[in-house]
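The following note sets out a few points on the structure shown below. Please read each point with the structure in view.

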Amino acid sequence: MNIGNKIKELRKQRGITQEMLADSIGVSFQAVSKWENNIALPDITLAPTIASYFGVTMDVLFDF
């Protein structure tokens, strides 16, 4: 599984929208959509913020 799919999985488990996630981490909902559709990757500097938001480790986020 790649990071986009993992973000989508974690987001759906929490029952939040792409817009809610985007607002919480300071990006556009279009960016979240691109990540989840494997069009783009999140900036690596956002990885700790995303992991923290979902309450998971970086290993979980990167599916190690």
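1. A residue is called buried when its relative accessible area is under 20%, exposed when it is over 50%, and partly exposed in between. The model discussed here is a predicted one.

2. Which residues of helix H3 are buried? They are Val32, Trp35 and Glu36. These residues span an arc of only 95° around the axis, and therefore lie on the same side of H3. The elements that cover the buried residues of H3 include helix H1 (residues 3-14), H2 and H4.

3. Two packed helices are described by the angle between their axes and the distance between the axes. For helix H2 (residues 18-25) and helix H4 (residues 47-54), the axes come within 10 Å and cross at roughly 120°. Angles of 65 to 115 degrees count as roughly perpendicular and those over 145 as roughly antiparallel; H2 and H4 are therefore oblique to each other. Their crossing is right-handed.

4. On the side of H2, the contact with H4 is made by Met20, Leu21, Ser24 and Ile25; H4 contributes Thr49, Ile50, Tyr53 and Phe54. Of the residues in this contact, 6 are nonpolar, 2 are polar and none is charged.

5. Serine 28 is placed in the loop between H2 and helix H3 (29-36). Its relative accessibility is 35%, so serine 28 counts as partly exposed. Serine 28 and leucine 10 are 18 residues apart along the chain, and their C-alpha atoms are separated by 18 Å.

Conventions: Residues are numbered from 1 along each chain as its sequence is written. This is a predicted model: local features need pLDDT of at least 70, side-chain atom pairs count only at pLDDT 80 or more; totals for chains, interfaces and linings use all residues. Side-chain values use heavy atoms; hydrogens and water are left out. Axes are lines fitted to C-alpha atoms, for helices over the stretch in contact, and angles run from 0 to 180 degrees between N-to-C directions. Helices (H or I, at least four residues) and strands (E, at least two) are DSSP runs, numbered from the N terminus. Angles under 35 degrees count as roughly parallel, over 145 as roughly antiparallel, 65 to 115 as roughly perpendicular and the rest as oblique. A crossing is left-handed if the near helix is turned anticlockwise from the far one by less than a right angle, and right-handed if clockwise. Contact means heavy atoms within 4.5 Å. Ala, Val, Leu, Ile, Met, Phe, Trp, Tyr, Cys and Pro count as nonpolar, Asp, Glu, Lys and Arg as charged, and the others, Gly among them, as polar. Buried means under 20% relative accessible area, exposed over 50%, partly exposed in between (1.4 Å probe, protein chains only). The arc is that of the directions from the helix axis to the C-beta atoms.
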